[in-house]
Amino acid sequence: MPLDAAKLWEATLGRLQLHVPRASYDTWLRATVGLALDSDSLTVSAPTPFAAEWLERRMHHLIQQTVTEVAARPLEVRFQVGPLPQESHASPTGASRATIQTGLPLDGEGTDSPVSSPVFAGALNPRYTFQNFVTGSGNRLAYAAATAVAERPGEQYNPLFIYSGSGLGKTHLLHSIALAAMQNDLAPLYVTAEQFTNDFIQSIRERKTEGFRAKYRSADMLLMDDVQFLAGKEQTQEGLFHAFNDLHTANRQIVVACDQPPKGVPGLAPRLRSRLEWGLITDIQPPDLETRLAILREKASAQGLTLGQDVAQGIAQRPTTSIRELEGCLTRVAALAQFLDQPVSAALLRIALADIDPPSGKARTEPKEVISQVAKYFGVAPAALLARPETRRTTLEQRVAMYVLREALALPSKEVATQLGNWDRHTVRAAVTDIKQRIATDPAFYRLLLGIYRALGLTFPMREN
Ligand code: ADP
Ligand code: MG
């Protein structure tokens, strides 16, 4: 039964967490899900081929042993790539089963608890309006789609799925749609996926699943933010799946924001994913300098500030793609200006940001740090990176270390080759090519490298596309 597999694996993860370094756990185990259990084996899904292979090769023994302990019988563990199997129902209790019945009439008489007003009071930021949203080439499509669904909900793009990196305006657009809908006397329901999850779990605990369902069914429009939060939460995904069906059948608009396209969210049940892909999927790209400047002016004027060109440029050119961070800089300098009772100036900006920016004399990253950080992420001893393996072929962690030393620290190939097991330059070149290839094709691997770079205080080149 799928449920037993899921539970058994969750219990195993609980124990593994105690034995595996945090970084390895987050990288390799967090997104795995127990799929199937039979008399002598447990099948576990890993989000990518790379993760499956890694778990197979590096953690097999520990995992096997832990599963056997938890199950109190010997079990073979197999890894499989990919998300949950189609139609895997998880209904541990009668209460939750009630939430996955389908076919209840939409115009919900006969529900057992009163339905509260669909808008979560106070959840919408009144300043996140379409009028305050500055458009540029990176967000024009998302903006156009958002205004279209606000004007004609349920007609054109249902669902509308907006994704982007953090701080690029997804939440702003969701709130704008909800605010516009309210002006048209509709009752939109804006929730973060986390609130939805808590709501769902609470309804099960308090045996009020009908009330839960009625609440979501009664919304004229559902806006769900940060849907990546549902990754691996099988039961809550069921809840959303049914809410989705109820609303979609009734032509109610659904809008979803996420940090990935649907395909990129690990542990998303295929049938939910396919629902999310039904309508329009649109992304927001980081804004160009012009748009950043325009957004900053808009934010400044909302705070009653006027920005000189040098200050605006100074903030807009900061090395981040996140508008939220740029706004943070603006807020800091504005607060300092107010405190010192001075106008906002470039000089003040430097002072305000001094503790965010590393001092220019910051010691550069040492090769030693790279080696120990990579070793930590892969759960091996640093010495393992320095020796030539018996197979006489570089290990993946050696290639990663070579890549970082070469690409981020710009050490000469010859030196890198010598340090990491006495190879030659060609080995290092091949390693760099191999790692680039993996970065381009495997999101889990990309995240792993991001983590390593971050731990080393290095900035990682953005992945193309
Ligand atoms: P996300 O949800 O994508 O992480 P948010 O919607 O929270 O990002 O945006 C972060 C901040 O940046 C918010 O204050 C938002 O108003 C602002 N912002 C982002 N894009 C724009 C834009 N195009 N115009 C105006 N403000 C923007
Ligand atoms: Mg957001």
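Which residues does Trp9 touch, not counting residues up to four places away in sequence? In this predicted model, where local features need pLDDT of at least 70 and side-chain atom pairs count only at pLDDT 80 or more, totals for chains, interfaces and linings use all residues. Residues are numbered from 1 along each chain as its sequence is written, and side-chain values use heavy atoms, with hydrogens and water left out.

With contact taken as heavy atoms within 4.5 Å, Trp9 touches Leu16, Leu29, Thr32, Val33, Gly34, Leu42, Val44, Ile63, Val67 and Phe79. Trp9 is also named, with Leu29, Ile63 and Phe378, among the residues with the most contacts inside the largest nonpolar core, which has 58 residues. Such a core is a set of buried Ala, Val, Leu, Ile, Met, Phe, Trp, Tyr and Cys residues joined through side-chain atoms within 4.5 Å, where buried means under 20% relative accessible area, exposed over 50%, and partly exposed in between (1.4 Å probe, protein chains only). Helix H18 (residues 396–407) gives the most to this core, with 7 residues; helices (H or I, at least four residues) and strands (E, at least two) are DSSP runs numbered from the N terminus. Because domain 1 (5–84) and domain 4 (367–455) both give residues to the core, it lies between them, the domain bounds coming from an automatic or database domain assignment. A second, separate core of 45 residues includes Ala142, Ala180, Met221 and Ile315.

Turning to the backbone, Asn251 has a positive phi of about 60° although it is not a glycine; this residue is placed in the loop between helix H10 (234–249) and strand S7 (253–258).

Definitions and conventions
Chains lettered and ligands numbered in written order.
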